[in-house]
Amino acid sequence: FPPPRLAPCRLSSLLADLETLYGRDVAEGRLVVSRPVGEVTFSADAGQMRQAFVNLVKNALEAVEAGGLVTLSAAFEPDALTLAVADTGPGLSAEQRAHLFVPGFTTKTRGSGLGLTIVERIVSEHHGTIAVDAGGERGTTFRIRLPLEPRA
C-alpha cells in the first residue's frame with residue numbers, strides 16, 4: 001500500500017464524493033450524511049481517505065437489514081476531526097470486535113477480510129485512531145479521529 005500523499009483535504013468535498021457514490025442509498029433513505037456546521041480542511045491523502053470511508057460505508061450498508069440505517073457524521077474540535085460511520089445492523093460480539101482488524105477476518109460469507117485492515121492502516125498512516133463501539137445487541141459505530149495539525 002503506498003504511503004499517503006498529504007495535501008489539503010476539504011471535509012465538504014470528501015462527504016460530497018461519498019454522497020455521490022452512494023446516491024441511490026441516500027435517495028432511498030438507507031444512508032444519511034450529517035454535515036457539521038462550518039468547513040474544515042485537514043492534511044490527508046484524499047483518495048486514501050475516500051477509500052477508507054467507502055470500505056466502512058459498504059460494510060455498514062451490507063450489515064443493515066431492509067429498513068436499516070447507516071449514518072456518516074463528522075464533527076471537529078480545534079485540534080481533531082472525528083468521522084463516524086454508524087449502522088443499525090446486528091452489532092458485533094466481543095470475539096468479533098477483538099478480531100476486526102486482523103487480516104483475513106470477516107463476518108461475511110464472501111470477501112477477503114482485508115477491508116478493515118486497509119482502513120486501519122490508512123488511518124494510522126494519517127496519524128489518526130480508529131475505534132469501534134458495538135454496544136448491545138444492535139448497531140455498530142466506527143469512529144475515526146484525525147489530527148487537524150500536520151505532524152512531522
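**Sheet, helix packing and nonpolar core of the predicted model**

The secondary structure of the protein comprises five helices and seven strands, as assigned on a model that is predicted. Read along the sequence, these elements follow the pattern β-α-α-β-β-α-β-β-α-α-β-β. The chain has 152 residues, of which 38% count as buried. When contacts between residues at least 6 apart in sequence are considered, 69% of them join residues at least 24 apart.

Five of the strands form an open sheet in the order β2-β4-β5-β7-β6, and the pairing within this sheet is mixed. Its edges are β2 (31-34) and β6 (129-133), each of which pairs on one side only. From one strand to the next, the twist averages 15°. Strands β6 and β7 (residues 140-147) run antiparallel and are joined by five bridges, and T129 has R145 in β7 as its bridge partner. Helix α3 packs on the sheet, where it touches β2, β4 (70-76), β5 (80-87) and β7, and the direction of α3 makes about 25° with that of β5.

Strand β7 also contains T140. This residue counts as buried because its relative accessibility is 6%, which lies under the 20% cut-off for burial. With neighbours within four places in sequence left aside, the contacts of T140 are V85, A86, D87, G91, L92, V132, D133 and A134.

Helix α3 (residues 46-63) additionally packs against helix α5 (residues 115-125), their axes coming within 9 Å and crossing at roughly 145°. The crossing in which α3 passes α5 is left-handed. On the α3 side, the contact is made by Q48, M49, Q51, A52, N55, L56 and N59, which meet G115, L116, I118, V119 and I122 of α5. By residue class, this contact divides into seven nonpolar and five polar residues, with no charged residue taking part.

Within α5, the residues L116, T117, V119, I122 and V123 are buried, and the elements that cover the buried residues of this helix include α3, β6 and β7. After α5 comes H127, for which phi is positive, near 60°.

In soluble globular proteins, nonpolar side chains tend to be buried together. In the present model, the largest nonpolar core has 39 residues, and those with the most contacts inside this core are F42 and F53. Two or more residues are given to the core by each of α1 (11-21), β2, β3 (41-44), α3, β4, β5, α5 and β7. For F42, once neighbours within four places in sequence are left aside, the residues in contact are A7, P8, C9, L11, L14, M49, L81, L146 and L148.

Note on methods:
Residues are numbered from 1 along each chain as its sequence is written. This is a predicted model: local features need pLDDT of at least 70, side-chain atom pairs count only at pLDDT 80 or more; totals for chains, interfaces and linings use all residues. Side-chain values use heavy atoms; hydrogens and water are left out. Axes are lines fitted to C-alpha atoms, for helices over the stretch in contact, and angles run from 0 to 180 degrees between N-to-C directions. Helices (H or I, at least four residues) and strands (E, at least two) are DSSP runs, numbered from the N terminus. A crossing is left-handed if the near helix is turned anticlockwise from the far one by less than a right angle, and right-handed if clockwise. Contact means heavy atoms within 4.5 Å. Ala, Val, Leu, Ile, Met, Phe, Trp, Tyr, Cys and Pro count as nonpolar, Asp, Glu, Lys and Arg as charged, and the others, Gly among them, as polar. Two strands pair if DSSP finds at least two bridges between them. A nonpolar core is a set of buried Ala, Val, Leu, Ile, Met, Phe, Trp, Tyr and Cys residues joined through side-chain atoms within 4.5 Å. Buried means under 20% relative accessible area, exposed over 50%, partly exposed in between (1.4 Å probe, protein chains only).
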